[in-house]
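Thanks for asking me to look this over. Have the sequence and the 3D view open, and we can walk through it together.

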Amino acid sequence: MGYTCFRVTDERARDVMPKATEIIKDIFKTFPEVSKSLKGSDGYNGEPFIDEEFIIFNGDAEKGEDYETFYFDVYDMDSNFCKTANRPYELAVCLCLLVLKDTLKIKHGLSWRSAFKFASDVYFMSHENDNGEIIPAGKNWVKARRLYNKYCRTHNMKIPNYSKWNIDE
C-alpha cells in the first residue's frame, strides 16, 4: 500500500496541529495494538516522535515490519508519501491520516474545511465500479475508520462522514 500526496493545503492548519497530535498520541495509548510495533524513523531506535509540528515513525525493523518512514511536517506544504508494503504499521499510518484530515480544519466562509489532503493506492471506501461489482476498501482503512469512530464516540467527538471526504486528489 502507498499513500501519496498527503500534505497541508493551508498554512493556517498549523494552529490546530497540537490538537491533532494530542489525539494521535491518545489513540496510540488507547489502542496499544496500533502502536505496539512502532519505532523511531529508522525502525530500530526509539519510539515514534510526535509533537506539535512533526509525526515520525516506522515499523519495527528487527521484526521485518519496517519499510518507509512516515514523516509529517505541518510546515511542509509539499506533497509527501509513505509506502508501507502492507506491514503492520500501516494501520498507524491510516489512523494518522484520518486524524489529520479530520482535525486540520480551517474556517472557509461560514463553514469549515479540511486543510489536509491525501491519496491512497488502496481504496479508502468500498464502491461500485462501472460493471456493478463492489470493490472493497483496504482492510486497514476499514480498521482505522472503526477505531477512530470508537475513539470519537468515547471522547464525545463528532464521527466524520467519510463518504463526503474528498481524497485521492
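Predicted model: local features only at pLDDT ≥ 70, side-chain atom pairs only at ≥ 80, totals over all residues.

1. Let's begin with the aromatic rings, which form 13 pairs in the structure. One of them joins Phe-54 and Tyr-71, with 6.2 Å between the ring centres and 40° between the planes, a tilted arrangement. This pair links distant parts of the chain: Phe-54 belongs to strand β4 (residues 54-59) and Tyr-71 to strand β5 (residues 70-73), 17 residues apart.

2. Now look at Phe-116 and Phe-118. Their ring centres lie 6.3 Å apart and their planes meet at 40°, so this pair is tilted. Here the accessibility of Phe-116 is 0%, and Phe-116 therefore counts as buried. Phe-118 is buried too, with 0% relative accessibility.

3. Phe-116 and Phe-118 also belong to one aromatic cluster, together with Phe-72, Phe-124, Trp-141, Tyr-162 and Trp-165.

4. Which residues have the most contacts inside the largest nonpolar core? They are Phe-28, Ile-55, Phe-57, Phe-70, Phe-72 and Tyr-148, in a core of 45 residues. At least two core residues come from each of β1 (2-8), α1 (17-30), β4, β5, α3 (90-103), β9 (116-120) and α4 (139-154). The largest share, 10 residues, is supplied by α3.

5. Leaving aside residues up to four places away in sequence, Phe-57 touches Phe-28, Phe-70 and Tyr-89, among others. Its contacts also include Leu-38, Pro-48, Ala-92, Val-93 and Cys-96.

6. Finally, turn to helices α1 and α3. Their axes come within 9 Å and cross at roughly 145°, and the crossing is right-handed. On the α1 side, the residues that meet α3 include Met-17, Ala-20, Ile-24 and Phe-28. On the α3 side, Ala-92, Leu-95, Val-99 and Thr-103 are among those that meet α1.

Notes: Residues numbered from 1 in each chain as written. Heavy atoms only, no water. Phe/Tyr/Trp six-rings, centres within 6.5 Å; stacked < 30°, edge-to-face > 60°. Helix = DSSP H or I, 4+ residues; strand = E, 2+ residues; numbered from the N terminus. Buried < 20%, exposed > 50% of the residue type's maximum accessible area, 1.4 Å probe, protein only. Core = buried A, V, L, I, M, F, W, Y, C linked by side-chain atoms within 4.5 Å. Contact = heavy atoms within 4.5 Å. Axes fitted to C-alpha atoms, helices over the stretch in contact; angles between N-to-C directions. Left-handed = near helix turned anticlockwise from the far one by under 90°.
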